[in-house]
Amino acid sequence: AAKKLSAGDVVILHYTDDYTVDDIKGGDKPDPAPSGDKYTDKQISDAYKATGNALALVDATTGSTGGEWLMLGLARAEHTIDSSSKDAYLRSVRSYIKENYDNGKLSDRFSTDNSRIILALTALGEDPQTFVTGKNLLEGYSDFNWTVKQGVAGPIFALLAIDSQKYTVPGNATIRNDLIDEILDVQSKGG
């Protein structure tokens with residue numbers, strides 16, 4: 001039955017990161033790791049590996065969280081990516097590029113689509129300039145207005161993508177400096 005709070009009642013919120021210890025009563029069992037406790041290097045390493053193993057089970061497809069960021073994270077963490085998972089992801093990306101590529105751009109609105117895929121392909125050891133024959137993903141950045149159209153995220157992620165392998169942008173030798181200038185131009189006074 002629902003209870004209504006009265007003046008002077010105290011509400012205690014309980015957090016746990018171990019749902020095998022928690023129960024529905026709440027409050028009568030201590031947290032498994034009270035704040036301030038130190039974890040050993042082994043505990044941190046084990047948690048890191050377990051997280052990577054769990055993420056490696058996800059079927060990655062083209063798209064932000066379950067695709068590029070997942071593959072980038074696993075690759076950059078030097079986690080072994082099963083060849084069938086990597087191949088499935090690369091097939092998905094290849095198909096996405098073939099379907100959406102238009103004058104170097106994967107989206108009319110979001111330059112970060114190119115950036116995400118460039119970062120993931122680079123982390124996986126692929127070349128975004130030749131991954132799909134005749135479709136250089138860096139080419140879109142030659143349209144500076146498109147690159148910055150999305151707001152500050154556009155130039156930030158374009159700079160990350162370009163610098164991920166010191167790529168050059170066809171038709172725009174000054175793109176790196178232009179992106180930095182754009183980012184600094186929108187910087188707030190407080191940083």
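This is a predicted model: local features need pLDDT of at least 70, side-chain atom pairs count only at pLDDT 80 or more; totals for chains, interfaces and linings use all residues.
I take buried as under 20% relative accessible area, exposed as over 50%, and partly exposed as in between, with a 1.4 Å probe and protein chains only. I number residues from 1 along each chain as its sequence is written, and side-chain values use heavy atoms, with hydrogens and water left out.

**Entry 1: salt bridges**

I looked up salt bridges, meaning a side-chain nitrogen of Lys or Arg within 4 Å of a carboxyl oxygen of Asp or Glu. By that rule I count five. For helices I use DSSP runs of H or I with at least four residues (strands: E, at least two), numbered from the N terminus.

I started with Arg 176, which at a relative accessible area of 37% is partly exposed. Its side chain meets that of Asp 163 in a salt bridge, 2.8 Å from N to O. Arg 176 sits in helix H7 (residues 175–185) and Asp 163 in helix H6, so the pair ties together parts 13 residues apart in sequence. Asp 163 is also partly exposed, at 22%.

Next I took Lys 105 and Asp 143, whose closest N and O atoms are 2.7 Å apart in a salt bridge. Lys 105 lies in the loop between helix H3 (83–100) and helix H4 (111–123), and Asp 143 in the loop between H4 and helix H5 (144–148), so this pair ties together parts 38 residues apart in sequence. Lys 105 counts as buried because its relative accessibility is 17%. Asp 143, at 28%, counts as partly exposed.

Within helix H4 I found Asp 113 and Arg 116, three residues apart, about one turn of the helix. Their side chains form a salt bridge of 3.1 Å, N to O. Both Asp 113 and Arg 116 are buried. Glu 68 joins these two residues in a network of salt bridges.

**Entry 2: pocket and cavity**

I searched a 1 Å grid over the protein atoms alone: a cavity is a set of points where a 1.4 Å probe fits but cannot get out, a pocket is an open set with protein on both sides within 12 Å along at least five of seven lines, and lining residues have an atom within 4 Å of a point. Grid points are joined across faces, edges and corners, and a volume is the space filled by probe spheres set on the points.

The largest pocket has a volume of about 170 Å³. Helix H1 (41–56) and helix H2 (64–76) are the elements that give two or more residues to its lining. H1 supplies the largest share, five residues. Among the lining residues I noted Tyr 48, Lys 49, Glu 78 and His 79.

I count one cavity of 30 Å³ or more. The largest cavity has a volume of about 30 Å³. H1 and H2 are again the elements giving two or more residues to the lining, and H2 gives the largest share, three residues. The lining includes Met 71, Ile 81, Asp 82 and Ser 85.
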